[in-house]
Amino acid sequence: MIVTLIRFALIAPSGDAGTEPTPPIGLAYLAGMCKDADIDVKGIDAAGRNLNKIFKIPKYNLRGNGLEIDEIIKLIDPRTKIIGISSMFSHEWPYVRDCIELVKKNFPNVKIVVGGEHITALPEYCLRDCKAIDYISLGEGEETWLELIKKKGNNIDTIAGLAYLKGNEFIQTDPRKRIKHIDNIPWPDWKTFPIEPYLDNAVSFGPGSGRNMPILASRGCPYECTFCSNPLMFGRRYFVREIDDLIKQIKYYIEKYKITGLQFYDLTAIVKKKWVLEFCEALKENNIKLEWSLPSGTRSEALDLEVIQALASVNLKYLVYAPESGSVKTLELIKKKIKIPAVEKSIKYAVSQGIV
């Protein structure tokens with residue numbers, strides 16, 4: 001069986017000049033899981049295949065970056081039986097919906113499975129808004145995706161973590177348990193989703209002009225901020241990787257891709273102080289001198305002077321804080337459990353250590 005994973009073009013408001021494509025690490029993880037299970041998987045990353053192409057979407061006053069939908073359709077292997085599509089951000093949905101419908105029109109017998117943050121947050125709405133979707137994979141997708149591919153027959157009610165329409169009835173199966181041992185998940189497959197266009201053109205999540213590799217050290221977030229999709233996507237269980245496996249992956253990337261930097265895509269990488277200090281020590285012991293950054297937005301609870309000094313000593317150059325508001329009342333309303341004086345103190349520590 002051949003399966004195809006698709007990430008459509010990066011979508012941003014018309015006139016936006018500050019949003020760059022990022023490597024599709026979620027789909028690369030799914031591709032890695034497929035490869036590990038000897039499943040023939042193809043990948044189409046619209047942005048990565050043409051980073052310099054910008055096109056207008058006047059219907060929604062948006063602009064796209066990457067291949068357009070007609071170009072993507074031509075790349076889909078006609079032998080494909082299942083197509084997996086990423087739907088991450090709500091502002092992209094009108095365009096993504098239209099693209100899904102065109103894919104279905106051209107491949108009416110192919111099952112279309114959609115996953116990601118946006119569609120996990122609004123599964124019934126998305127299914128009714130886009131009848132071309134056969135199934136939604138809710139939350140963490142690797143195990144659900146594999147089970148769905150391997151399932152024989154049409155009885156899928158026993159597969160946890162799915163949503164779909166049966167006639168006009170919305171069906172959502174039992175929630176899937178989180179993957180606790182995340183080190184057992186195969187590394188992202190950067191062959192199916194080539195990383196080189198991003199590295200060669202210094203295109204990445206955070207600032208920097210080098211060959212910055214995306215990487216994850218953890219999954220989930222233990223907090224419950226009301227504006228965040230994490231409680232629906234991952235729940236509040238927070239799992240970190242074994243440091244030895246993370247170091248092994250970093251060494252592989254240095255050797256394979258000649259990277260000069262790391263960018264951690266974690267929802268919140270700095271939570272467990274002991275783990276952070278041990279990771280910094282492991283970088284020193286293994287003589288890893290890459291520049292690295294935390295561009296996703298980081299909480300300040302564990303970022304005391306000791307941690308900041310350790311991070312600076314191993315070349316952390318860029319750190320994003322995410323206080324969300326300077327209003328105590330607003331912080332209480334959004335359940336952002338931080339103390340403003342602690343954030344201010346942590347930021348001063350970071351600046352004093354040369355971290356921007």
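User: Leaving aside neighbours within four places in sequence, which residues is Phe-279 in contact with?
Analyst: Phe-279 is in contact with Ile-243, Leu-246, Ile-247, Ile-250, Phe-264 and Trp-292; contact means heavy atoms within 4.5 Å. This is a predicted model, where local features need pLDDT of at least 70, side-chain atom pairs count only at pLDDT 80 or more, and totals for chains, interfaces and linings use all residues. Residues are numbered from 1 along each chain as its sequence is written, and side-chain values use heavy atoms, with hydrogens and water left out.

User: Is Phe-279 buried or exposed?
Analyst: Phe-279 is buried, with a relative accessible area of 3%. Buried is under 20% relative accessible area, exposed is over 50%, and partly exposed is in between, using a 1.4 Å probe and protein chains only.

User: How many residues are in the largest nonpolar core?
Analyst: That core has 78 residues, and Phe-279 and Trp-292 have the most contacts inside it. Helix 1 (residues 25-36) gives the most to this core, eight residues. A nonpolar core is a set of buried Ala, Val, Leu, Ile, Met, Phe, Trp, Tyr and Cys residues joined through side-chain atoms within 4.5 Å. Helices (H or I, at least four residues) and strands (E, at least two) are DSSP runs numbered from the N terminus.

User: What about the rings: how many aromatic pairs are there?
Analyst: The count is ten aromatic pairs. Rings of Phe, Tyr and Trp (its six-membered ring) pair if their centres lie within 6.5 Å; planes under 30 degrees apart are stacked, over 60 edge-to-face, and the rest tilted. Phe-264 and Phe-279 have ring centres 5.9 Å apart and planes at 80°, so they are edge-to-face. Phe-264 is in strand 14 (residues 261-264) and Phe-279 in helix 11 (residues 273-285), 15 residues apart.

User: And how far is it centre to centre for Phe-264 and Trp-292?
Analyst: It is 5.3 Å, with 65° between the planes, and this pair is edge-to-face. Trp-292 lies in strand 15 (residues 291-298), so the pair ties strand 14 to a part 28 residues apart in sequence. Phe-264 is buried at 3% relative accessible area, and Trp-292 is buried at 6%.

User: Different topic. Where is Lys-336?
Analyst: Lys-336 is in the loop between helix 13 (328-333) and helix 14 (340-352). Lys-336 is buried, with a relative accessible area of 7%.

User: Which side chain does Lys-336 join in a polar contact of 3.4 Å?
Analyst: That is the side chain of Glu-324. A polar atom of the Lys-336 side chain also lies 2.9 Å from the backbone oxygen of Ala-322. A polar contact is a pair of N or O atoms within 3.5 Å; within protein, one must be able to donate a hydrogen and the other to accept it, and residues adjacent in sequence count only if both atoms are side-chain atoms.
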